[in-house]
Amino acid sequence: MIEMAKNAKNHPPDFTNAAFDIVAIAASAGGLTAIVKVLSTLPAEFPAAIAIVQHLAPGHPSFMAEILSRRTNITVKQAEEGDCITPGTAYVAPPDRHLLVNGDGTLSLSQSELVHFLRPSADLLFESVAATYKDRAIAVVLTGTGSDGAMGVEAIKKMGGTVIVQDIKTAEFSGMPSAAINTGNVDFILPLDEISTTLVGLVMEESD
């Protein structure tokens, strides 16, 4: 995959057998349980990459990647500077670092200023994903307080991507889902237990 990215001349690689290349997931309060629910039923051969922003307390080590990796068949790792995104792998933003996807399909970590008092920011992740992957990107907004992700959702839609939001009935905290829904830029509003199957249907439709 590293060679593929280099040869792409600043264009990210398209993954084979996938209708979308990347799924960007954002969550805050109550998010770990929700993310586990989504990832736990994805097949090991899921052909897109996944980038995850979960609001975490800065200054504390995160065991989120380890927790998730024990509950899903896909590969999960804490994102590192320069990682080249690969299919079937989920990258978790480390505490107190923005997670960004670059134009060549690599990841950057940034300690630039807080966005809406937050780092990592779902808005920054979504905006970087939209700029790079355009109509081959999916954004997912799960439970959380505040409005992080709403601006990023608008960027995803503007570039032709697809937006999925957890419905507020199944969200432990409705702030983030409500803010995303209120933008009017949402394609699917789904109960938590339907998000994974919808992702599989969308991403793997070309390989059926």
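Visitor: What makes the span of H7 close to the expected one?
Guide: In this predicted model, helix H7 runs over residues 192-203 and reaches 18 Å from its first C-alpha to its last, against the 16 Å expected at 1.5 Å a residue for its 12 residues.

Visitor: Why do the buried residues of H7 line one face of the helix?
Guide: Look down the axis: the buried residues of H7 fall within an arc of 165°, so they line one face. Those residues are Leu 192, Ile 195, Ser 196, Thr 198, Leu 199, Leu 202 and Val 203. Over on the other side, Asp 193 and Thr 197 are exposed.

Visitor: And what do the buried residues of H7 pack against?
Guide: Strands S1 (22-27), S7 (137-141), S8 (162-166) and S9 (188-190), plus helix H2 (31-40).

Visitor: Why is Thr 72 called buried?
Guide: Its relative accessible area is 12%, and buried means under 20%, so Thr 72 counts as buried. Thr 72 is in the loop between helix H3 (64-69) and strand S3 (75-78).

Visitor: Which residues of the largest nonpolar core touch the most other members?
Guide: Ile 25, Leu 39, Phe 46, Ile 52 and Leu 142, out of 34 residues. Elements that each supply at least two residues of this core include S1, H2, H3 and H7. There's also a second, separate core of 29 residues, with Leu 125 and Val 129 among them.

Technical notes:
Residues are numbered from 1 along each chain as its sequence is written. This is a predicted model: local features need pLDDT of at least 70, side-chain atom pairs count only at pLDDT 80 or more; totals for chains, interfaces and linings use all residues. Side-chain values use heavy atoms; hydrogens and water are left out. Helices (H or I, at least four residues) and strands (E, at least two) are DSSP runs, numbered from the N terminus. The expected span of a helix is 1.5 Å times one less than its number of residues. Buried means under 20% relative accessible area, exposed over 50%, partly exposed in between (1.4 Å probe, protein chains only). The arc is that of the directions from the helix axis to the C-beta atoms. Contact means heavy atoms within 4.5 Å. A nonpolar core is a set of buried Ala, Val, Leu, Ile, Met, Phe, Trp, Tyr and Cys residues joined through side-chain atoms within 4.5 Å.
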